Amino acid sequence: MFGKPGTIDDPSRWHNPDVPTLNAWVLTGTYGEDDPLIAKRNPYYWKIDPTGRQLPYIDEVSFALVPSRSAAGDAAIAGMVNMQERHVSTRADEVLAANENLQPFTLVESDMNTLTLSLNLNDKDLVLRDIFQNKNFRIALSHAIDRDMIIARFIPGALPNQAAPRPESPLYHTVLARQFIHFDPELASDYLSKAGLNKKDDEGFLLRPDGKRLSFIIDTEGADRFVILDAVIAYWRDLGIDVMARNLPRDEFVSLRDNNNHHASAWGGDGGLDAMVIPINYLPMSVESSWFATGWANWYVNPDSSDAITPPAAVQKQLSLYDNLKATANAEKQTQLMRDILDISADQFYVMGIALPPNRKGVVAKDFHNVPKVIPAAWSYATPAPTNPSQYYIEQK
């Protein structure tokens with residue numbers, strides 16, 4: 001009945017209304033087919049409030065199907081939502097100005113970056129693999145990016161930041177967050193020379209050790225990410241690297257990475273508040289998501305896999321520390337082990353970033369209560385689940 005158990009992001013769990021649930025509401029229809037999709041209170045829900053009343057307070061939740069992200073904001077303006085954060089944040093001020101019955105709440109972003117940039121350290125092209133694994137090359141790419149200019153164009157109010165836990169996180173790591181972040185084309189060229197890359201062809205592009213032009217493709221998915229990525233690669237081309245950006249359909253993007261057929265990736269930044277829970281950018285522990293080293297990740301999951309590539313000693317040390325972290329229930333020991341992992345991540349500099357995502361706004365009706373003024377925003381937190389929606393209620397007039 002369930003479809004694919006064990007995952008929060010497979011929609012098959014919502015395709016069968018007969019699936020048993022411990023949730024506060026029970027679907028009466030099918031996700032993607034019924035509009036609106038109605039969920040009714042679970043009469044056997046296992047939580048009560050402090051006075052003994054069974055939760056949830058709200059009897060029915062209606063989810064309207066909208067054709068686009070922009071339409072979600074239009075629905076809020078039209079008074080069709082009681083609470084919404086997904087796809088209204090970019091228009092929150094407009095929505096609030098147009099509908100006086102709504103008020104804002106703050107979402108603390110859990111993403112640690114608006115755009116993470118990672119080279120495939122296990123590239124099938126062995127010459128590119130050697131270049132990408134040279135830390136000096138990665139440092140050069142980072143110093144070549146004018147983050148202040150990109151922020152001014154695309155993310156006003158954001159702060160330059162590398163791919164690192166957010167300042168609000170107890171695992172914030174200053175070195176990981178701030179190293180190699182200032183714009184310095186001359187310094188970038190110096191690091192290219194340290195990487196052994198100082199010969200150019202007649203068109204001014206760098207040559208690889210085998211005499212071929214240094215070129216690679218970096219992929220992303222989504223128009224918003226692509227425009228920022230396109231601005232980034234302009235700086236890399238100025239440095240003499242023949243790099244091209246592609247905006248791919250998600251299925252194609254994922255398939256290329258599943259088969260290690262990619263040069264580089266640009267994506268969002270999981271692991272900002274929840275660095276220990278989703279450390280995919282800090283060590284190669286996920287075949288599905290640690291795209292900077294899918295071969296090393298395959299080795300971690302199954303050393304005997306045909307896709308496994310044996311990582312160097314420092315990476316193996318990281319993965320061993322992560323095994324120890326997962327094996328202990330002691331919170332203090334877990335934190336120290338994660339700090340040790342981040343120390344190695346800072347030294348390795350696997351993934352670079354552009355900017356720390358600023359906090360954003362959601363909207364909630366003034367008669368809709370028990371929604372906190374500040375909410376953590378994350379896929380891994382399943383927003384807004386940590387705020388206990390079963391205790392939301394609508395004021396009766």
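## Helix packing

A crossing of two helices is right-handed if the near helix is turned clockwise from the far one by less than a right angle. In this predicted model, the crossing of H10 and H11 is right-handed. H10 covers residues 294-301 and H11 covers residues 313-327. The two helices pack at an angle of about 45°, and their axes are 11 Å apart. That angle makes H10 oblique to H11.

On the H10 side, the contact is formed by Trp296, Trp299 and Tyr300. These residues meet Val315, Gln316, Leu319, Tyr322, Asp323 and Lys326 of H11. By class, the residues of this contact comprise six nonpolar, one polar and two charged.

## Second largest pocket

The second largest pocket holds about 160 Å³ of space. Its lining consists of 13 residues, and those nearest the pocket centre are Pro185, Ser189, Tyr235, Asp238 and Leu239. Two helices, H7 (185-194) and H8 (223-238), are the elements that give two or more residues to this lining. H7 provides the largest share, with four residues.

Eight of the lining residues of the second largest pocket are nonpolar, three are polar and two are charged.

Rolling a probe the size of a water molecule over the atoms shows where empty space is left. The structure contains one cavity of 30 Å³ or more, and the volume of the largest cavity is about 30 Å³.

The residues that line the largest cavity are Ser110, Asp111, Asp270, Gly271, Asp274, Ile278, Ala378, Trp379 and Ser380. This lining divides into three nonpolar, three polar and three charged residues.

## Backbone features in loops

Pro36 sits in the loop that joins strand E1 (25-27) and strand E2 (37-41). Pro56 is located in the loop between E2 and strand E3 (60-63).

Asn370 is not a glycine, yet its phi is positive, at about 70°. This residue is found in the loop between strand E14 (368-369) and strand E15 (374-377).

Technical notes
Residues numbered from 1 in each chain as written. Predicted model: local features only at pLDDT ≥ 70, side-chain atom pairs only at ≥ 80, totals over all residues. Heavy atoms only, no water. Axes fitted to C-alpha atoms, helices over the stretch in contact; angles between N-to-C directions. Parallel < 35°, antiparallel > 145°, perpendicular 65-115°, else oblique. Contact = heavy atoms within 4.5 Å. Nonpolar A, V, L, I, M, F, W, Y, C, P; charged D, E, K, R; others polar. 1 Å grid on protein atoms, 1.4 Å probe; cavity = no way out; pocket = protein on both sides within 12 Å on 5 of 7 lines; lining within 4 Å. Points joined across faces, edges and corners; volume = space filled by probe spheres on them.
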